[in-house]
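Subject: Structure handover

Hello,

Here is the structure you are taking over. Please open it next to this message and follow along.

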Amino acid sequence: MKRLILITLTASAAILSGCSPDKSTDADHLVILHTNDTHSAIHPDRHDKGGIARRQVLVDSVRNARENVLLVDAGDAVQGSLYFTLFGGQVEQKLMNALGYDIRILGNHEFDLGLDSIASQWKNVTSDKLSTNYDFTGTALEGLFVPSVMKNFNGHKVGFVGINLNPAGIISEENYKGMTYLDALKSANAEASKLKAEGAEMVIAVTHIGYELDDDKCDDLKLARGSKDIDVIIGGHSHTVVDPVKGVPAWRIANAEGDTVSVLQTGTKGVYVGEIDINLADKTVNAHLIPVDSRLDNRLDPKFTSLIDPYTHKVDSVKAIVVGKTSYDWERESPELLNLMSDFVRERGEAISGKPVDLSIMNKGGIRNSLSAGDITKGAIIDIAPFNNRIVVLELSGSDLIENLAIMAAQEGNGVSSNVKVLYDSASKQLNSATIDGKPIKPDSKYRVATIDYLAAGNDYMTPLSRGVTLAKSKIILYDELIQGIESGKMDHLLSSPDKKNRMASF
């Protein structure tokens, strides 16, 4: 049986306090520093957390003190700030190369600009590029990724696999056309078994499938429980902060043979770097999260920060364009911002179609940033809704609408307009009731639904919306709609009266 030992003060914590370990006793240790879902967060966030230049300080500190150090990223390094909107991934790839990432995998947002864009950007990526369960034969990515890699650390062989999510329902179909998805669990087990047969003492899966999902899709916990040869899972996608010191959520999971798999993830936006310290002699695993914060600022490397400077002027110029004001702090994951977006989409849907709209539907995942009180800038709005989505109005049957609201309930709620009330069971996530303007939805009736084209295509697993008939579509991107709405004053009533209610509520 594998055993896991949790040490409260790890080597990197000692390094940052000025107490470095002795490299002569370090030969049998592998230190893995890992990130996931950093989402183009080049600079610290509005709470002064994160920042890639700070990350560089931390990574180099550990490398200077430890003998065997790997830097690994579990996907979604892009999408979420103006650096991606304006430069399409160029900045992130350059900085991650400069950081010296050893292993990287794709996240779903790497596909936001399509396979050709990935090929253009990732041909210059200097790390090992892993994809075990995507077959890119016949696409622009053919030959660019490998299913696994074996690394040798002072005579200890460690294998790595890269496991990705099923793109259907989460990535726009045209953005992965020609690529074949292979079953995640079967692919991971087959490749891990192969690596063990080739002499790997341990196998580490770098994944972008989510820590735990409420459906039959493969996630990190299912992968751990269904595996035999995987020892550590470094995950992404769900933005889960797995804190091994607190033990919440669970990070030591029994596999199919009763052995222990370590399952780890660092949240999002680069606020933490995860550290895994593996004693390769006895296979014990220690792990913790390292905060990326202002204590690192007095050690920033000017050579590294100078790599960002050529791009910053254009980003700052867009951020400097003031389009309006708000006296309220709109947090990204708050009901207020989701409600604001939902109500705006309904109102714009009516203007676009020239007819009343029964309701609107928005997804939480379409909101990527917060909006601070004070001046509203063009850059802030693009950061909130950075995707190339357009507002559409659909005609949808009541039965399909009810089915879609049930899917949204299973996702623990999403966005609907203010005239909608949805109740669902908190335990089963089953839909209990749904009304529009206080009236139950009739399965045989037709409804006009305003949403975005990403959802209208059935993405975010909202398949019933794809059965609707498109009545109207905006000529401009959602963030431009928002900017024009704020500049014209047409959003003043929404910005001045935030609705804090969960319109889709559990009981």
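What share of the contacts in the protein chain with a separation of 6 or more comes from residues 24 or more positions apart? The share is 78%. Please keep in mind that this is a predicted model.

**The chain as a whole**

The protein chain holds 15 helices and 25 strands. Its radius of gyration is 23 Å, close to the 23 Å that the globule rule gives for 507 residues, so the chain is as compact as a globular protein of that length. Along its principal axes, the C-alpha trace spans about 75 × 50 × 45 Å. Of the 507 residues, 56% are buried.

**An open sheet**

Look next at a sheet of 5 strands. It is open, and its order is β19-β16-β23-β18-β24. The pairing is mixed. Strands β19 (415–416) and β24 (469–473) stand at the edges. Each has a single partner strand, so one side of each is left without a neighbour in the sheet. β16 (residues 359–362) pairs with β19 in the antiparallel sense, over 2 bridges. Within that pairing, Ile361 has Val416 of β19 as its bridge partner. Helix α10 (residues 335–353) packs on the sheet. The helix touches β16, β18 (391–397), β19, β23 (446–452) and β24. The direction of α10 makes about 130° with that of β16.

**Ser370**

Ser370 sits in the loop between β16 and β17 (374–377). Is Ser370 buried or exposed? Its relative accessibility is 16%, under the 20% cut-off, so Ser370 counts as buried. Its side chain makes a polar contact with the side chain of Glu331, at 3.4 Å. A polar atom of the Ser370 side chain also lies 2.8 Å from the backbone nitrogen of Arg332. Leaving aside residues up to four places away in sequence, Ser370 touches Arg46, Trp330, Glu331, Arg332 and Ile384.

**Gly50 and helix α2**

Gly50 is in the loop between β1 (29–35) and α2 (52–65). At 0% relative accessibility, Gly50 counts as buried. Which residues does Gly50 touch, not counting those up to four places away in sequence? They are Pro44, Lys269, Gly270, Val271 and Val292. Gly50 and Val263 are 213 residues apart in sequence, and their C-alpha atoms are 22 Å apart in space.

Helix α2 has 14 residues, which at 1.5 Å a residue should span 20 Å. The end C-alpha atoms of α2 are 20 Å apart, which agrees. The helix is mostly covered, with 11 of its 14 residues buried. Among the buried residues of α2 are Ile52, Arg54, Arg55, Leu58 and Ala65.

**Two hairpins**

Strands β20 (residues 420–424) and β21 (residues 431–436) run antiparallel and are joined by 5 bridges. Leu423 stands opposite Ser433 in β21. This hairpin has 6 residues between its strands, and Lys429 takes a positive phi near 60°.

β21 is also joined to β22 (residues 439–440) by 2 bridges, and these strands run antiparallel. Thr435 stands opposite Pro440 in β22. How many residues lie between β21 and β22 in their hairpin? There are 2. In that turn, Asp437 has a positive phi of about 55°.

Best wishes

Conventions. Residues numbered from 1 in each chain as written. Predicted model: local features only at pLDDT ≥ 70, side-chain atom pairs only at ≥ 80, totals over all residues. Heavy atoms only, no water. Pairing = 2+ DSSP bridges. Helix = DSSP H or I, 4+ residues; strand = E, 2+ residues; numbered from the N terminus. Contact = heavy atoms within 4.5 Å. Axes fitted to C-alpha atoms, helices over the stretch in contact; angles between N-to-C directions. Buried < 20%, exposed > 50% of the residue type's maximum accessible area, 1.4 Å probe, protein only. Polar contact = N/O pair within 3.5 Å; in protein donor to acceptor, adjacent residues only side chain to side chain. Expected span 1.5 Å × (residues − 1). Rg over C-alpha atoms; globule rule 2.2 N^0.38 Å.
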